[in-house]
Amino acid sequence: MRYARIFLLVALSVAFAAQAFAAPDESQLDRGHRVYQKWCYPCHGPGADKPGTASLAARGQKPAVLEDRTDLTPAAIKIFVRHGVLYMPTFRKTEISDADLDAIAAYLTRNNKK
Ligand code: HEC
């Protein structure tokens, strides 16, 4: 009986450890890229058919594609995402968590001069 419990404990710890190691090792930038592709690319990808890109291009913003910018700050990105602008919607935390938003901000500022 005692051994059965110990065995169970060991088996459970091995199972948990295996799960932890099996979890995908996704870096912050990969995560940011993935979340960006899902929520932002449809409007901010390259091309005149993307409304966010078209709007920024019409405003004279160069480059108009967010992924090519080096002047955005994490703070500004987070404000736009949580509050929206023009017809860009606000994104709730149930859609884009704070951790996902941190990842998007890290991704979009990856080429900024440090
Ligand atoms: C439904 C389309 C749409 C979606 C989806 C969208 N945006 Fe936007 N976004 C816009 C529009 C339109 C603007 C305003 C462009 C302008 O000022 O002319 C904008 C502006 C911005 C700006 C401000 C850029 C600047 O220089 O003023 C940021 C930053 C931004 N979006 C980030 C994001 C991020 C990050 C996501 C994904 C979480 C996202 N947007 C999703 C349409 C969208």
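**The ligand and its surroundings**

Guide: Glu 67 is buried, with a relative accessible area of 13%; buried means under 20% relative accessible area, exposed means over 50%, and partly exposed lies in between, as found with a 1.4 Å probe on protein chains only. This is a predicted model, in which local features need pLDDT of at least 70 and side-chain atom pairs count only at pLDDT 80 or more, while totals for chains, interfaces and linings use all residues. Residues are numbered from 1 along each chain as its sequence is written, and side-chain values use heavy atoms, with hydrogens and water left out.

Glu 67 belongs to the loop between α4 and α5. Its C-alpha atom is 9.0 Å from that of Pro 46, although 21 residues separate the two along the chain. The chain as a whole has six helices and zero strands; helices are DSSP runs of H or I with at least four residues, strands are runs of E with at least two, and both are numbered from the N terminus. Of the 114 residues in the chain, 28% are buried.

We now turn to the ligand. There are 20 residues around it, and those that come nearest are Cys 40, Cys 43, His 44, Ser 55 and Met 88; a residue counts as near if one of its heavy atoms lies within 4 Å. By class, this shell holds 15 nonpolar, three polar and two charged residues. Here Ala, Val, Leu, Ile, Met, Phe, Trp, Tyr, Cys and Pro count as nonpolar, Asp, Glu, Lys and Arg as charged, and the others, Gly among them, as polar.

The side chain of His 44 has an N or O atom 2.7 Å from a nitrogen atom of the ligand. Ser 55 places a polar side-chain atom 2.5 Å from an oxygen atom of the ligand, and an N or O atom in the side chain of Arg 69 is 2.8 Å from an oxygen atom of the ligand. The elements that give two or more residues to the shell are α3 (41–44), α4 (51–58) and α5 (74–83). The largest share, three residues, comes from α4.

The ligand takes up the space of the largest pocket. A pocket is found on a 1 Å grid over the protein atoms alone, as an open set of points where a 1.4 Å probe fits, with protein on both sides within 12 Å along at least five of seven lines; lining residues have an atom within 4 Å of a point. A molecule sits in a pocket if more than half of its atoms lie within 2 Å of its grid points. The volume of this pocket is about 540 Å³, a volume being the space filled by probe spheres set on the points, which are joined across faces, edges and corners. The lining consists of 23 residues, and His 44, Leu 56, Phe 80, Val 85 and Met 88 lie nearest the centre of the pocket. Two or more lining residues come from each of α3, α4, α5 and α6. The lining divides into 18 nonpolar, three polar and two charged residues.

Arg 82 is placed in helix α5 and is buried, with a relative accessible area of 19%. Ala 99, in helix α6 (residues 98–108), is partly exposed at 35%.

Terms used
Polar contact = N/O pair within 3.5 Å; in protein donor to acceptor, adjacent residues only side chain to side chain.
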